[in-house]
Every structure is written in structure tokens, then in C-alpha cells.
Amino acid sequence: MPPTPPQQPGRGAEGGVSASPVGMARGRRRRPGPSLVIGALIVLGVVAMALVSFVWTPYDPTLVDPASRLAKPSAEHLLGTDKFGRDVFSQLLVGARTTLFVGIVAVGVAALIGVPLGILAAMATRWFGEVLMRGTDLLLAFPALLLAIMFSAVYGGSTLVAMIAIGIATVPAFVRLIRSGALQVMRTEYVLAARAAGRRPFAIGVRHVLPNVGSLVIVQASVSFAIAVLAEAALSFLGFGTPPPTPSWGRMLQESQEMLFSAPRLALFPGLAIAVAVLGFNLLGDGLRDYLDPRLEDRR
Amino acid sequence: MLLRILQRTGVLLASLLASSVLVFAFMAVLPGDPARVALGVNASDEAVAELRTQFGLDRPLIEQYLSWVGGLLRFDLGESYVSRAAIGPQIADRLQVSLWLVVTAMVIALVVAVPFGTVMAVRHRHVSGLLLSALSQVGVAIPAFLAGILLITVFAVKLGWLPANGWTPPNQDPVQFVRQLILPALSLAIVQAAVLTRYVRSSVLDVQREDYIRTARAKGRSSMAALRHHGLRNAGVPVVTVLALQLATLLIGAVVVERVFVIPGLGSLLLDAVSNRDLIMVQDVVMILVIAVLFVNFLVDLLYVAIDPRLRAGAR
Amino acid sequence: MTAVTDPSTSRSKGSSRQRDDLVLDVRDLAVRVGDRTLVEDVSFGIGRGERVGLIGESGSGKSLTGLSVMGLLPEDVHASGSVRLSGVDHDLVGADERQMGRVRGKEVAMVFQEPMTALNPTTRVGDQVAEAMLIHGTRADRGAARAAAVELLDQVGLPTPASAARAYPHQLSGGQRQRVVLAIALANDPGLLVCDEPTTALDVTVQALVLDLISRGVQSRGAAMLFITHDLAVVATVCERVLVMYGGRIVEAGPVAEVFARPRHRYTQGLIAASDLTEVDGSGRLHTIAGSVPAAGAFPEGCVFRNRCPQATDVCRTRPPWTGDSPETGFACHHPAPDAADDLAGGAA
């Protein structure tokens, strides 16, 4: 049997060797590690940016002001303006909305499809489970970006298309992880007891398996969120994501490229935003994993 | 072992078939008429109908699918709806370019990841290991196109050492070719290296705990030597797996990098086709990409058998 | 938890043998992880060709003692004290990797408990044996090392040694793999062989065979042996002397026949009674030792055995002194079992 492809080290180890079902180590929480804290802070920062933007932004991010184009950062424009005179800071704030929105919907779609599929694959007969796994593996040949480009070719580029495409591309990650976790849960004694007592599989799935894979879902959600942010940024960069004039970090980056020789800072700010956001979600995912169930992966 | 090869070949063929159906079905769902798109809104209905027949779009879907797959097997990818030029040669040209990019990036990533990952694993409790670990976390968060822009800013804009974009075939001007290859390959390589480093670290840490490493030390090898002689081959297996999985990401990442550096690779062909609604081109390019990924995975599976003797017949 | 080292409790003074005679000289070995002490105050010596058993249950610290001799303690576990090996001019405790690399596999070698995972799965068995010699340059070249490897595999009783040498570990059974490990250990004729439960993971039918091979291997080289195990029967068969460990300390030591026939420390007494499946106590039950082994580093102050000892009294809160003149014979117990002399004199314990 070939070694199972590892997910990101510690991103939901396939076939982990927990002695007891995942997510059951509730009594053994440790103090939150630095990854968790920093990750959470960054994510909260991004969320704050988005929320604030609903209420107030220094300027209207879509407001074109040719008189002050390419202004350097100053008291008036905290991060300066772009080639159209739009305030960079405001664009970043509103762009955070897009980033989060796409991430939430994409991960939501992936989880809503992937979790039940994963549980199904674990609880179904060998043959059906295998077929299901092969099917999702096939999806792995279509990374998020490619799928999104394909979707955009057919349906035109938009935020909705991006979200759905990224979501579908993220399904395999959830399916594999949840299936692995569900298999472990099903080996436990209390599930055995439930089955012996004649509980219907659906009931077992919902009452026993689902709650116990919860922590797996949370961790994977965080990691997949990071990937979604990256994919959305790439899409916007290519012109397939959120169409103008709605600000998006990826498109900001793309627009900055022409001005690279005169105003490289225009690339720095959205770039930094993207990188920091992705970093934040990754750290959060890692930190959550360590915190919720140290046995998901050996503590290194 | 033969059984294994046959089995993997079977899986490969089934996957190829299934993905071709997926890709075709996906494109077929498209609203709108490729012929009309090609001719423009004001074209006459007859002209459009004639073009449809030429493209074979009036045949039943099954027939279209079979004829497309048949063409793929004959390496005949048809003609672009937009330019009417043969698609096959275009893809072949562009593929070369993309391959240069991807392979170079992969090599750079490996060359960086293996030693750094090993050091991170061996020193995982020291400050140096933790610092490197933090660095790799940051590296993973930097998408290729961002890395590209940053590199351009530093090396092309500020320092002027390397060109900011463009592409020259190697046989035309080798020096310029290399100069134009460096930054794009590096952009792809940075995030790849970060990802691979983390896997190498994880894998080496796993191997370090293995009993046979202890046996090697009991023979008189130092920890590093034991790891080098006994660990690397075993640590290599998960890393190779990841390489294969990452290839899909890398190929797609190349799409964006090609846009940043204006490189005529497969990625830009795809993007242009999408913009032009040249759907047969999109279909073909996507299929080529998918075939490439599936094929690499297949090869890697076979590579396992070469690396790990336990996968050959007769393990106890 | 460390009590003040009272000179009268230190057993390393007044060793009856000169340091030079000993192949292995361990003094005041202690092993700690974090602030927990796992092994303390361990001193003993092994002479040329002597076969010494180290008995204890899991958690007694016996494996850690063996690993300390080899310098193979896990990452955050630290040893202190002194471990001297004849032929090596530096102390093994605190030696760096390079120094230890010259010692391990040549002056001292080890056979571990788990044969199934002890060998590299991707390298042929013969090469792994040859490697032991190539590392220390004890054979002229690669070809000579390979030939010697086949020879060694033959000595450890592998049938068709030449083809065995070309096999991969997964093609061998557990007993065969353990024999390979033994071949590796003996390849450079070490002065001391440390065995940590070498036969515990093997089938019963194979155990005797491997034990025999170990004995003969050691004997034919005139090597000394430290045999770590929980199995009293094995120690009785293979060893001349025995050290009994509990709670990270040596509680009794002496020649095998004497200690087994006439245990003085209450733990040893309980251990021997428990392994006797023919004797029963007053209520017709097999003998056991009450309670269970405390967690590592959580042994009681004073006498480490007192919370399980039926004879324990208040005085046992202080550490019992070592009664022997040397670390090789004696025990540390405030209320030892009567010895032969006491019996003859008719005195009660």
C-alpha cells in the first residue's frame, strides 16, 4: 500500500495513530501557543478592517481624484494614493471585505460538501468508499486557480464564480481529513456499542461522528481559508475575480505593476496585506491544531 | 511488483478518462455559441451555422466528445475557434517554455528545501531552528505573483541587474534566456521551497525517532551521519509525494507568474484563450495540464517502488 | 527529591576492585529529565568477561542506565556522574557526539529490544552489518567488510548467510532480525556488550536460541556483558552477577545464585516470590507485590520501595544505607529478609 500523501505537515495527518478519537482530548488543553495567539490577532485584525470599512473609510475607495494621483503616504492619505488618485488605505479596508467574504463562502461550501462526503466515505462499504475517494482525488488534479479560471471562462469572472470554484477545489481536503477522522471515531468502543445496539447509520453519523470531528473541521477551515485568500488574490490579479470598481487586494497588486518603476510602494501595501492575512490564517490553523488536540500530530 | 505497476496504470487511465469527461462536459455546459463569439454579434445566421458545422458543433455531444478524445490520442488538438490556427503546435511551443520555468523552480526549491529542512529538524529546539521555521511560515504566505513583483522591484527596478520581463528561447540567446529565467523561476521557487522545507523538516523529525537511526548511532555514527546515511532515503518518501502533489500547484502558479513577467507559456495561452472565449483552446490547454499532473503522479507512484523495497513483492 | 548525598550512603567508596581491572566502571550515575530524577546514585563495575544482569520492572530506570552507558539518552534527558570504559581515555558521561562515535560500536555495543524496527528497511542486511566495520575501519576495505559480514551472519546462525546478507529486513523474521542486530553489535569485538531486553519481543521458541547465541558470542570474544531485563529466569541462565533496580536506584546486588536463593531486599524477595509459579501464599494465591510502580520521578523519599513494602516502618523515611563493602555485593534496606547466618542463629527478622 503506498504511503498516503501527507497533508501539509500537521494539517490533519492522514491515518493518524490516535489512541482515542480525535477531538476527545478535551481534558488536556494546554495554554495557547504563540502560533495561536499571533494567528488569532492577525485574523481579528483583518476582520476588524472589514467591519470598520462598513461603517467608515477615510475616503470613498472608488473615488477618482486625478489631482492627487500617486501621492506619497501623508497625514491626508495614510498610505498614499494610486494612479487614479484613489486612497490606498480605504481600498485596503474595503478589500478586506472581499477577501473575507470569498474565504468564508469558499470554505463554507467546501465544508458543507466535504464533511458529509467524508463521513459517508468512512461509513459506507469498502467499494463505495474507495470510489468516492478516487473521485475526490481526481479533483486534486484541478487546483483552485485552474478551476476558477475554467469557471470564469464559462460564466465570466466575478466574486461568486471565484467563491464557488475555490470552494469546490477545497472539497477534497475536507473529504480526506474527515474520512480519516471519522474512521478513527468509528473504531472506538462507543460507536461499536451503538452499532451493536442497532442504531441506524445516519443517527450514528450525526450523533457520534460529527461532534468528534469538529475540531478537525475547525483546523482545516482555517488552513483552507488561507488557501482561499491566496486563490482569490491570484484570481483578482489575473482579472477574473471581483470586477472593478470594487476594491480587491489582488487587483490592487496587478494595477500596481505598471507603476513599479515610479511607485513600488503601491505593490507593497496590498502585497503585505495578502501575505499577512495568509500568514495569519496559517498560524491560526497550526495553533488551533496544537491547542485542540495535541495528538492530531506529535508536538514538535 | 508487476501487479502494482498494472494497477497504477489502470488508475492512471481511468483518471485520464474521467477527467476528460469532466473537462469536456464542463465546457459543453457553456451558455452561448462559440461560433457566434468567433464571428461577432453582427454575423449572419447562415455564416454562424456554417461555422458551427465546420467546428463540428452541430453533432451530438457524445460524438463531439469522442472525436475530441480521438484527436487527443492522435495529438491532433484541432484548430482554435478564434485564430483558426492549429492548436497542437501552439501548445507544444508554449509547453516548452512553461516546463523550463516549472522545472527550474522545482529544482531550486528542492536544493533549498532539503538542507534547510534537515537543519530545521535537527535543530528544532534551538533558536536557529525556530527562526528558520518562522521564516518558512512567512515564505508559505507569499504567493508567487507577489514574490515576482517584489523581486522585480528589487532586482529590476532598484538594482537594474535583471530584466523585469520578457522571454528569449535558449537557442536564440542563452545569456539573455538565463537572465530572463531567473526572476520568474525564483518567484515560483520561493513559496515552493517554503512548503517543501516544512515537509522535509516534518519528515526528518519523524525519521529521527526511528529505531534504526538509534541502531546506526549505536554502531558509531554521529546523529548527523546516521541521518544522512540511513534517514534521507526514508525521509525522502513523503517529500517525493508532496513534490508530486505540489506540481499541480506549481503548474498553475506558473500561469500567474507568466502574466507578471510576460512570458509566452502555457499559462498565458490559457488566459488569452479565456479572454477571447476560445473554448476549444481552453479545453485543450486544461486537458494538457491535467494530463501532465496525472502523469507525474503516476510516475511518482512508480518511483516509490524504486525507493522502498518493502513495496516490492514479498514483504513479511 | 534528591536527598543530600550522605557519604555513608554512597556506595562508590571502598570499591574492592581496582579501577583498572574493570571493563565498565559506573559511579554515581544519575539521570534526570527536567527537574525529575529518574535514576540516582547508581554505581557498579563489570570486570573482563563478566556477565552482569540488571533486573527491574518497567519504570525502574534500567533501560536508562543502559542507554547512559552508550550515550544514547533521548534529547532532553541528561546524565551525570561517571561512566568509564576500559580502553577509552575519557568519561562517557558528557562526551560529545564525535567522541562517542568512536566508542559506540567498537568498545561497547548494544542490542535493543525491538528487532522489527531496529534495521533500516531500505538497506540490505549484509550492508548494514558491514557498515559497523567500515565506520571504525576494522577491516581493510569494503570487500573485506562484506565478507566478514557474511561470516558474522553465519556465526549468529542465519541459514545461507550469503543470501541472507543480500536480503532486506522485511524479508526476515523477528528472530532473524535480532540475530542480525547481534551480528552488528559483535562485529568489532567490543569489550562490553549491553543488551536491553533482547529476547522479550521474540517468540518463546526463538528466545532460547537467541540467548544462547548472545552467550556464546560474548564468551568467544571474552567480552563483558550487561544484560538488562525483567525476566529472572533469563538472568539466572545467562549471568553470573545481578543488580536489582527499583525506583531508579540499585537496591540489591550480588552473585546470581546467592541473590536468587537468599534475597535480602524486600523488593527482591517479592520479585522472586512473584516469579515462582509453584508457590502460593496463605490464601492459596500466587505471590504478588502490593501496589504498583509509581510514575517516573515520583518515587517516595527515603527508601524508594517503602510505599509497597509490608515491612516498612518510620525509619524507612530515611534512605537506607548500602550494606556491602563494594557496589558489587550488598543491599539497601532497613528491614532486610534474614540471611543464612540469621537462620542458623535462629534469629527473627
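Mentor: Start with the chains. Chain A and chain C have no contact with each other, and their closest C-alpha atoms lie 12 Å apart; two residues count as in contact if their C-beta atoms, placed from the backbone, lie within 7 Å. This is a predicted model, in which local features need pLDDT of at least 70 and side-chain atom pairs count only at pLDDT 80 or more, while totals for chains, interfaces and linings use all residues. Residues are numbered from 1 along each chain as its sequence is written, and chains are lettered from A and ligands numbered from 1 in the order in which they are written.

There are 2 pairs of chains in contact, and chains A and B share the most contacts. That contact involves 36 residues of chain A and 47 residues of chain B. On the side of chain A that touches chain B, two or more residues each come from α4 (144–155), α8 (214–238) and α10 (265–292) of chain A. Helices here are DSSP runs of H or I with at least four residues, strands are runs of E with at least two, and both are numbered from the N terminus. With 8 residues, α10(A) gives the most to that side.

Chain B also touches chain C, with 22 residues of chain B in contact with 29 residues of chain C. On the side of chain B that touches chain C, the elements giving two or more residues are α9 (211–219) and α10 (223–261) of chain B. Of these, α9(B) gives the most, namely 7 residues.

The part to look at is in chain C: strand β1 (residues 22–33). It belongs to an open sheet of 3 strands in the order β2-β1-β4 (chain C), with antiparallel pairing; two strands pair if DSSP finds at least two bridges between them. The edges of this sheet are β2 (36–47) and β4 (77–85) of chain C, each with a single partner strand, so one side of each has no neighbour in the sheet. On average, neighbouring strands of the sheet are turned by 5 degrees against each other, direction ignored. Helix α1 (residues 62–70) of chain C packs on the sheet and touches β1, β2 and β4 of chain C, and the direction of this helix makes about 115 degrees with that of β1(C). Axes are lines fitted to C-alpha atoms, for helices over the stretch in contact, and angles run from 0 to 180 degrees between N-to-C directions.

Now take the two partners of β1(C) in turn. On the β4(C) side, 8 bridges join the two antiparallel strands. Asp25(C) stands opposite Arg84(C) in β4(C), and Ala30(C) stands opposite Ser80(C) in β4(C). On the β2(C) side, the antiparallel pairing also runs over 8 bridges. There, Arg32(C) has Thr37(C) in β2(C) as its bridge partner. The hairpin of β1(C) and β2(C) has 2 residues between the strands, and in this hairpin Gly34(C) takes a positive phi near 65 degrees.

Is β1(C) largely enclosed or largely open? Of its 12 residues, 9 are buried, so the strand is largely enclosed by the rest of the structure. A residue is buried if 20 or more other C-beta atoms lie within 10 Å of its own, exposed if 12 or fewer do, and partly exposed in between, with C-beta atoms placed from the backbone.

Chain C has another sheet to set beside this one. It is an open sheet of 7 strands in the order β5-β6-β7-β3-β8-β9-β10 (chain C), and its pairing is mixed. Its edges are β5 (108–111) and β10 (330–331) of chain C; each has a single partner strand, so one side of each is left without a neighbour in the sheet. Inside this sheet, β3 (residues 51–55) and β7 (residues 224–229) of chain C pair in the parallel sense over 5 bridges. Arg51(C) stands opposite Met225(C) in β7(C).

One more residue of chain C shows the use of the burial count. Arg266(C) lies in helix α10 (residues 266–275) of chain C, and Arg266(C) is buried because 27 other C-beta atoms lie within 10 Å. Arg266(C) and Cys333(C) are 67 residues apart in sequence, yet 7.6 Å apart from C-alpha to C-alpha. Leaving aside neighbours within four places in sequence, the contacts of Arg266(C) include Phe305(C), Cys309(C) and Cys333(C).
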